[in-house]
Amino acid sequence: MQDTPSKTSWRQRTRLVHGGTMRSQFGETSEAMFLTSGYVYQSAEEAEARFKGEDDGFIYSRFSNPTVGMFEQRMAELEGAEAAWATATGMAAVSSALLAMLKAGDHIVAAKALFGSCRYIAEEMLPRFGVSCTLVDGRDSNAWQAACRDNTKVFFLESPTNPNLQVTDLKAVADIAHKAGARLVVDNVFATPILQHPLELGADVVVYSATKHIDGQGRCLGGVILGSQSYIEEEVKPLLRHTGPAMSPFNAWVMLKSLETLDMRVREHARSGACVADHLAEQPGIENVLYPGRRDHPQHTLAMAQMEMGGNIVAFDVRGGKQAAFKFLNALQLVRISNNLGDAKSLITHPATTTHQRLSPEARAELGISDSCLRLSVGLEDAQDICADLAAAAQIAAR
Ligand SMILES: Cc1ncc(COP(=O)(O)O)c(C=O)c1O
């Protein structure tokens, strides 16, 4: 394999096409897909040297594979991270990023507003292993400060949050974490690596569900953890090498090809997101449209200071509670009902009965996830067609 090292002068879009490329002796243009679980050695001595770490060739695809390695390198270049580790899913990335840093007796502070499974990890799973957790209002920097204890090791948050787009001041919270001797882990899924750069704002670790915009076409599950070389090598690698939630080389290949178009796709998603949010806000029976790029978002100024554009997720309420929200969903013809997001296809979900159904009604109410709330992931269809579909559904729901 021959590396084609990225030039330091290359800009983001160039790196997204070429970053991390390694070519075999055949000189292929497109990245090769190495669907292999293991590797053969020329001699017993070579096998011994690889296992001792004296020879840096591949050993076993649970922890090293050329196609996965290309994806990791391209992601690290995109994020501006020293290193990356790809995982089987976004949840494998979230749980592993946290587990790699924590041990029994430690304390974590996490935002209350998290994707349902992320909240489960912080609130229910980590305490089972002796890691205590305090949940705070992520928008309130004083609450992060007040939650710190002597044994606080990690702050964990999403910004904007799933589903209703609360925004955290990343720089302020990173400063508080560091003063308390903790590290900040940011799940940057909603913002995407194109529109927000948490490491530049002080975060220590960034995680993604690559299942979302990074694949962007609803085909493959995947995740990635990004941070310093020492964190990935000394904390993440030992955990994942032995626990094994590895990204499949096939999925890494799909993701690599998707990265080539990520910048263009995400910006187009966001242009349509802004258009659709404005259109929704004008529809009778549609209330509380939340979109970070709109001036009426409660944290619009902060969101726009941290993000280049408002992204492609819009949350809103359909007047008339769950019944009206379901009527709206069932009337849609182009936008499809699905709990996934970041897809080329526009997708919509009712968080109270899907992604956040595990939370009690009180916990949902605290997060502003009402029975009339819907979360829309604006796709790459013509924005006018998306708007027309939503407007027709709003009319039916209002009847
Ligand atoms: C913010 C956020 N983090 C993590 C995940 C989990 O990703 P995956 O489904 O790839 O495990 C999701 C999935 O919806 C998400 O929205």
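**Salt bridges and a loop residue**

I started in helix 10 (residues 249–281), where Arg-271 and Glu-268 sit three residues apart, so about one helical turn separates them. Helices here are DSSP runs of H or I with at least four residues, strands are runs of E with at least two, and both are numbered from the N terminus. I noted that the model is predicted: local features need pLDDT of at least 70, side-chain atom pairs count only at pLDDT 80 or more, and totals for chains, interfaces and linings use all residues. Residues are numbered from 1 along each chain as its sequence is written, and side-chain values use heavy atoms, with hydrogens and water left out.

Next I checked the contact itself. Arg-271 and Glu-268 form a salt bridge, with 3.1 Å between the closest N and O atoms. The term means a side-chain nitrogen of Lys or Arg within 4 Å of a carboxyl oxygen of Asp or Glu. Side chains of opposite charge can pair when their charged atoms come close.

My cut-offs: buried is under 20% relative accessible area, exposed is over 50%, and partly exposed lies in between (1.4 Å probe, protein chains only).

I then turned to helix 5 (residues 116–128). Arg-119 and Glu-123 both lie there, four residues apart, about one turn of the helix. Their side chains meet in a salt bridge of 3.2 Å, N to O. Arg-119 is buried at 5% relative accessible area, whereas Glu-123 is partly exposed at 30%.

Asp-296 forms a salt bridge with Arg-294, the closest N and O atoms being 2.8 Å apart. Asp-296 is partly exposed at 46%; Arg-294 is buried at 16%. I logged 24 salt bridges in the structure.

Last entry: where does Asn-340 lie? Asn-340 is in the loop between strand 12 (336–337) and strand 13 (347–349). At 17% relative accessibility, Asn-340 counts as buried. A polar contact of 3.1 Å joins its side chain to that of Lys-212. That term means a pair of N or O atoms within 3.5 Å; within protein, one must be able to donate a hydrogen and the other to accept it, and residues adjacent in sequence count only if both atoms are side-chain atoms. Not counting residues up to four places away in sequence, Asn-340 touches Thr-211, Lys-212, Gly-218, Leu-347 and Arg-375 (heavy atoms within 4.5 Å).
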